[in-house]
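Dear colleague,

I am handing over the structure we discussed, and my notes on it follow below. Please read them with the coordinates open.

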Amino acid sequence: MPYALAVDDDENFLTALEDLAGEAGFETAMATTLEGAKGVLAHTVPDVVLMDLVLPDGSGFELLRDLESAEASTEVVLITGHASVDSAVEALRLGVTDFLLKPIDVERLRRILTDIARSRESRHQIEAVEEEVRELGRFGPLLGSSPAMKRVYRLISRVAPTEATVLLTGESGTGKDLAAQTIHQLSRRRRGELSPLNCGAISPTLIESELFGHEKGSFTGAQKRHLGYFERADGGSLFLDEITEMPLELQVKLLRVLETGQIMRIGGDRPIETDVRVITATNRPPDEAVRVGKLREDLLYRLQVFPIHLPPLRHRGRDLEHLADYFLQVLNKSEGTDKRLTREAFDKLRDHPWPGNVRELKNVVHRAFIMADGAIGPDEILLATLDKGRGDEGVAGGGEIRVPIGSSIADAEKRLILATLEGYDEDKRKSAEVLGISLKTLYNRLNAYKEEDRNH
Ligand SMILES: Nc1ncnc2c1ncn2[C@@H]1O[C@H](COP(=O)(O)OP(=O)(O)O)[C@@H](O)[C@H]1O
Ligand SMILES: [Mg+2]
């Protein structure tokens with residue numbers, strides 16, 4: 001909680017300041033004299049000091065100079081009835097944030113305080129995050145400290161405390177579910193529930209009633225009133241996964257709910273206020289989903305206020321090794337074993353493109369763990385029987401790939417090339433032959449993909 005110090009010899013005025021600061025989220029210490037203020041500053045570093053320049057036992061300037069020499073990042077707002085040009089100039093020279101005259105403009109002070117509180121809060125949070133990432137290589141449940149993931153952490157810590165709707169994108173297995181949980185955990189709603197709804201796993205005819213509920217008798221089979229996710233998640237967050245699988249008519253309704261904060265039960269005759277924060281996810285590139293008519297453009301605009309892209313594992317550098325080792329240690333701990341991955345096993349892991357991302361890695365490690373007695377070598381790393389997620393991404397089982405409608409030719413080509421290489425044990429000559437391209441072309445493509453990876 002941000003911390004304020006208010007200094008003024010008028011106690012009624014002080015109480016009013018405390019109330020205002022409290023509304024902006026500050027805890028406030030109060031002092032009526034210079035001595036009192038110094039006492040507070042001796043053992044705390046407030047985020048903001050609100051003070052009068054003329055105090056019974058001296059000048060506020062003395063305090064300003066103390067603060068300046070302490071090199072703390074404390075902001076100072078002067079509130080004074082005795083303004084002179086000289087004092088204003090001197091105050092600005094000493095770096096005060098703002099200068100207000102009594103009687104004060106309450107709205108203006110409120111704005112100043114809210115601004116300070118917001119910037120402090122996210123600064124504190126980002127510092128905490130960066131420390132955690134630095135020390136432990138993780139951010140809450142999300143492991144990894146690659147630049148791509150650090151960017152994700154920074155975005156999460158920015159948006160989590162707000163009410164903004166979030167759109168999580170990224171291939172399947174990249175950690176979108178985990179990211180949604182992390183956002184909820186860092187939000188003001190953490191004491192409420194995070195209710196997940198997978199729009200792809202529920203029949204299109206039922207989604208509306210699941211989301212918004214229905215009144216008794218509103219359709220055949222509606223025997224009693226049913227509360228939907230929006231009402232049940234009240235005070236919490238709602239995670240709408242695979243948002244592109246939601247029928248388009250319903251996307252229109254969802255957009256309206258996001259704009260108005262009100263829902264309508266099926267068969268209902270009045271709107272109901274809801275208090276829900278919505279987090280959405282998709283493993284389709286959203287622009288392509290719009291192009292092929294799976295996602296309404298207006299809804300995307302609304303969701304794209306805050307997009308967060310989870311990078312594929314192949315763009316995450318050394319995170320791969322840390323994740324593999326982490327998953328192994330979890331298994332070692334639960335089974336009371338001490339198995340480890342050999343250097344050759346790590347090499348093999350590094351050479352794989354991981355179309356199923358972290359989920360695939362976790363399963364591969366689990367299988368290797370079961371297969372090996374002590375040291376896990378490359379033979380125990382069974383990439384031939386990869387977990388392909390739900391078959392909606394990358395290489396599918398049995399030596400085929402699936403290319404979702406909505407992919408670009410370049411994307412399809414990339415998938416085919418990488419899958420072929422994988423299928424032929426990274427034998428480039430053989431793969432080029434099968435693909436009907438020259439070896440040189442194959443190398444050019446692979447270099448281009450590497451370049452892309454670097455730029456992500
Ligand atoms: N950064 C990460 N750190 C640790 N585990 C992860 C990370 N990303 C994903 N996982 C694990 O991988 C699996 C798939 O993650 P999930 O969040 O379900 O992916 P998605 O929703 O994008 O398909 C889960 O078991 C999850 O715990
Ligand atoms: Mg998921």
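In which strand of the protein chain is confidence lowest, and in which is it highest? This is a predicted model, in which local features need pLDDT of at least 70 and side-chain atom pairs count only at pLDDT 80 or more, while totals for chains, interfaces and linings use all residues. Residues are numbered from 1 along each chain as its sequence is written, chains are lettered from A and ligands numbered from 1 in the order in which they are written, and side-chain values use heavy atoms, with hydrogens and water left out.

Confidence (pLDDT, the predictor's confidence in each residue, from 0 to 100) is lowest in strand β19 (residues 395-396), with a mean of 38, and highest in strand β10 (residues 166-169), at 97; strands are DSSP runs of E of at least two residues, helices runs of H or I of at least four, both numbered from the N terminus. The chain as a whole has a mean pLDDT of 87, with 94% of its residues at 70 or more.

Around ligand 1 there are 17 residues, of which Leu143, Gly173, Lys176, Asp177 and Lys362 come nearest, a residue being near if one of its heavy atoms lies within 4 Å. At least two residues of this shell come from each of β9 (142-143), α7 (176-185), α13 (319-335) and α15 (357-371).

As for polar contacts (pairs of N or O atoms within 3.5 Å), an oxygen atom of ligand 1 lies 2.6 Å from a side-chain N or O atom of Asp177, and an oxygen atom of the ligand is 2.7 Å from a polar backbone atom of Gly173.

Best regards

Technical notes
A polar contact is a pair of N or O atoms within 3.5 Å; within protein, one must be able to donate a hydrogen and the other to accept it, and residues adjacent in sequence count only if both atoms are side-chain atoms.
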